[in-house]
Amino acid sequence: MSTPEDASDGALEERLPAIVVADAEGTVTGWTQSAEDLLGYRAAEVLNRSGSRLLMPEGLEPRAPAWKDRFAGQERWSGLFEARRRDRTRILVHVEGSRLRAPEEKAAWLLAITPVASGARTGACTLLTSLMRRTPVAMAIWDRDLRCVWLNNSARNLQAVFPHYEVGRALTDPLPGVDTRAAQDAMRKVIAEGVPQLDREARWTSPDGREERTLSTSLFPLQGLAGRPLGVYSVAMDISDSRARERLAVLRDASVRIGSTLDVCKTAQELADLAVPFLADYVTVDLAESVLPDTVPLQRLAARDQSVPVFRRAGVASVHDGIPESLWALGQAVFVPPSSPFTQVMASGRAHFEPVLDTSPGTWLDQDPERARVIQATGMHTLIIIPLAARGDVLGVAVFVRTDNLAPFTRDDLLLAEELGARTALSIDNARRYTRERTAALALQRDLLPANLTGGGAVDLASRYLPSSIHEGVGGDWFDAIPLRGDRVALVVGDVTGHGINAAATMGRLRTAVRTLAYVGLPPDEVLAHLDELVVRLAEEDADDSRPSDATGATCLYVVYDPSTRLCTMAAAGHPPPGIVTPHGEVTFPRPPSGTPIGLGMGSFQSLDLELPEGSLIALYTDGLIETREADIEAGIDRLGAALARATLPLEDFCDTVILTMTGGEPSEDDVALLVARTRTSSGDVFGAV
């Protein structure tokens, strides 16, 4: 029984094949009206002439094998040919040859010629063509001019986004809003090289922009006799709604969304948010105590009747408002029975996969009635628990549950959950290691920086230190105030190259060295010269045969203030100049001759003397306060001058105002150190607003 889909191919499909008779040499001996209708030649023009000129283009006839050599001994044969019409246009045809028995044993062939565009309607091809029409895969045949000569119904259904799926239309035909250049290049390559191209993914949008589909297309060479290229056979699958493709998209999304920060809890929450609702209706991420060292130790929490605290909740997401499935909020301890799947996964490092959640009596849920109640109330019916393992450690577990989605988890779902868990665990471990190093470095730097600054009878002091938020968290910035004989005071600020524990440790060594040199009573230029020599010598002593000497670089500004003479003497080693604010609010940045940074062993330093009015402010700082990616140091110094002029006393408020003005309240790109000293007046009165 025919269907409307069968009839849609048009009248050509209902025609009988063009019948031609040829002898063993390929000479045409019989010609029908259907052959004349198809190829345009009258009988008188082709009878007793070679049929090769009809089934091969010009220039290829000498290479065409004789009929008797090519088909000798065969009763039937078939194949694709490129026929030439009388108007010199080409047409792709399917030819079926059947041997004829003639008097005197002369061999002859009955040729049935059918245009590929009309389809094959005889013999076994009828069933194959019917199947090809009904397959959900879009199929089409294109000739050497990239013109569509045949397509099935699935291809027709994609005409909205790919209008070149139309018999008689070539890919080279321009259509508004459709760019087929990439498809043309691919087809021409297949025709020229004869090598298929498989699974070419491309996104197509309808000319009106209302519909978009993603097609996975494979191209195969269409070959005739002797492997001659005749065109291309395309097979396309609409993968716009492919579940496998969606999974790949989730994994690609995970590489961007999971681990976006070096924060353990944020990373855990990112996994939960990504998995809901695509994979599960409810997801929790529970981490071991070792991953969250700043929380109250779990062993201090009292165990319940049959459960013990094992994890802390670090991430949770649900399709339901208020997350009714969760027994514990973020940050709270998670209690589980000792024999539960959660502890088994933690101990073994292997996932627990339960497509149909067993809530019958006699399971581990008997020991966890509270969790069993929630499972029954929310309709949990399928469960996956995966370990969050990285670098040999199990950091916690991630739990995936479905409630509203009635489909049970599959093995593919388990694989996806494990892949997401592996990526999350690695990010969590990186965050944990970063947090540990940052905590250790901050503690080291906090211990190395002065706890109580004193300016003696010379100056009043205030300071601020802001660790960077984008590096390892700690650098080598330091400041100090060193009381000297004669009521003098030395003010120091420096910046060690690099960040992390090593930079903090080097900073501590330099601070100790500066204090030692200051107590000797050396002037600022000599302090820097001896410090430079000392750092080079320490680097040489630390070096060994396997590691060459690598002197640590640092910048430093050393200032000595004598209240009896109001003389301020300063020297710099590659460091930004201090800011001086007079009692009248005038701001200057005196620049002592700047030597090379400390640790190069080649710098000479000179001091600069200034006489300061009583009640003046001296501001020492590191380059993190003034330098940004958008502006250089000189522009930063100009901004700092404006901030110093607007800030008001007392000193603590002064520091806060300067820091807020320079950073805008945003995290700093580099460590920031600020040391402010106000020279005391002879009467000891506190000076008013600057």
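These are my notes from looking through a predicted model of one protein chain.

**Ground rules.** I number residues from 1 along each chain as its sequence is written. Local features need pLDDT of at least 70 and side-chain atom pairs 80 or more, while totals for chains, interfaces and linings use all residues, and side-chain values use heavy atoms, leaving out hydrogens and water.

**Whole chain.** I looked up the secondary structure and got 17 helices and 27 strands (DSSP runs, H or I of at least four residues for helices, E of at least two for strands, numbered from the N terminus). Of the 690 residues, 48% are buried, meaning under 20% relative accessible area with a 1.4 Å probe, protein chains only.

**D480.** I then went to strand β18, residues 475–483, where D480 is found. Why does D480 count as buried? Because its relative accessibility is 1%. Leaving out residues up to four places away in sequence, D480 touches, among others, P450, L491, R515 and L675; contact here means heavy atoms within 4.5 Å. D480 and L675 are 195 residues apart in sequence, yet their C-alphas are 8.1 Å apart. I also noted a 3.1 Å polar contact between the side chains of D480 and R511 (N or O atoms within 3.5 Å, one able to donate a hydrogen and the other to accept it; residues adjacent in sequence count only if both atoms are side-chain atoms).

Definitions and conventions
Buried means under 20% relative accessible area, exposed over 50%, partly exposed in between (1.4 Å probe, protein chains only).
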